[in-house]
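This briefing describes the protein shown below, for use alongside its sequence and coordinates.

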Amino acid sequence: MMWIQLQDERMRMKCTWVSQIVFNGLLILHTVAGLSVIALDIHYPFSRSREAAEFIRTRYPHHLVLGHRDVGASSVCAWSDTRFYYPQSDQFGSFIWFTSQRNRENNSSSELIYKGDSLSSATLQPVIFLLTFPVNDTLLHEVARFEPAAENQEQYYIYLRRKP
């Protein structure tokens, strides 16, 4: 009976030793991951929404803002004093509603230009395009870009419509 107790105690010590190594290894891994995220946060801001909102507020205060993709554009809207037009939900707002009417598809640049032109002619105000992705369209002129950011949806590209 004594040999069973000795074997059980050796096994318990071995398990304790292995679990301590695994636990310490996990702590080291989490420390390294945390430090790398801190370095990333110092080098790249998470969002450029505040800068984009300030740019729009100072340079284009009388323009309507067409924000696409709405999830990223709503961050800029939160920093501004105006409501944006969101083509995915086809409405003005300061935030977005996740309803069944909301179009989850990404609109093409030609669809966005058409919506911007319709909006401009209906309201008789110029429209500025706030996008979360760059476009290469001859009808749009890039006036600013706010990148890089740690989150892709929080990088912004601001365009004006070229005169036809």
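This is a predicted model: local features need pLDDT of at least 70, side-chain atom pairs count only at pLDDT 80 or more; totals for chains, interfaces and linings use all residues.

**Overall architecture**

- The protein contains four helices and six strands.
- Along the sequence, these elements occur in the pattern α-α-β-α-β-β-α-β-β-β.
- Of the 164 residues in the protein, 33% are buried.
- Among contacts with a separation of 6 or more, 59% are between residues 24 or more positions apart.

**The largest pocket**

- The largest pocket holds about 230 Å³ of space.
- Its lining consists of 12 residues, and those closest to the pocket centre are Ser-120, Pro-126, Val-127, Arg-161 and Lys-163.
- Helix α4 (109-123) and the strands β4 (127-131) and β6 (156-161) are the elements that each give two or more residues to this lining.
- With three residues, α4 gives the most to the lining of the largest pocket.
- By residue class, the lining of the largest pocket comprises five nonpolar, three polar and four charged residues.

**Aromatic contacts**

- The whole structure contains three aromatic pairs.
- One of these pairs is formed by Phe-55 and Phe-146, with 5.7 Å from centre to centre and 65 degrees between the planes. The pair counts as edge-to-face because the angle of 65 degrees is over the cut-off of 60 degrees.
- Phe-55 belongs to helix α2 (residues 49-59) and Phe-146 to strand β5 (residues 140-146), so that the pair links parts of the chain that are 91 residues apart.
- Both partners are buried, because the cut-off for a buried residue is under 20% relative accessible area: Phe-55 has 11% relative accessibility, and Phe-146 has 13%.
- Phe-55 and Phe-146 also form one aromatic cluster together with Tyr-60.

**Cis peptide bonds**

- The peptide bond that joins His-68 and Arg-69 is cis, with omega at about -5 degrees. Arg-69 is placed in the loop between β1 (64-68) and α3 (70-79).
- A cis peptide bond also runs from Glu-147 to Pro-148, where omega is near -10 degrees. Pro-148 is located in the loop between β5 and β6.

**Positive phi angles outside glycine**

- Asp-90, a residue other than glycine, has a positive phi near 55 degrees. Asp-90 is part of the loop between β2 (84-86) and β3 (91-93).
- Is Asp-90 buried or exposed? Asp-90 counts as exposed because its relative accessibility is 52%, and the cut-off for exposed is over 50%.
- Leu-124 is not a glycine, yet its phi is positive at about 60 degrees. Leu-124 lies in the loop between α4 and β4.
- Leu-124 has a relative accessibility of 75% and therefore also counts as exposed.

Key: Residues are numbered from 1 along each chain as its sequence is written. Side-chain values use heavy atoms; hydrogens and water are left out. Buried means under 20% relative accessible area, exposed over 50%, partly exposed in between (1.4 Å probe, protein chains only). Contact means heavy atoms within 4.5 Å. On a 1 Å grid over the protein atoms alone, a cavity is a set of points where a 1.4 Å probe fits but cannot get out, and a pocket is an open set with protein on both sides within 12 Å along at least five of seven lines; lining residues have an atom within 4 Å of a point. Grid points are joined across faces, edges and corners, and a volume is the space filled by probe spheres set on the points. Ala, Val, Leu, Ile, Met, Phe, Trp, Tyr, Cys and Pro count as nonpolar, Asp, Glu, Lys and Arg as charged, and the others, Gly among them, as polar. Rings of Phe, Tyr and Trp (its six-membered ring) pair if their centres lie within 6.5 Å; planes under 30 degrees apart count as stacked, over 60 as edge-to-face and the rest as tilted.
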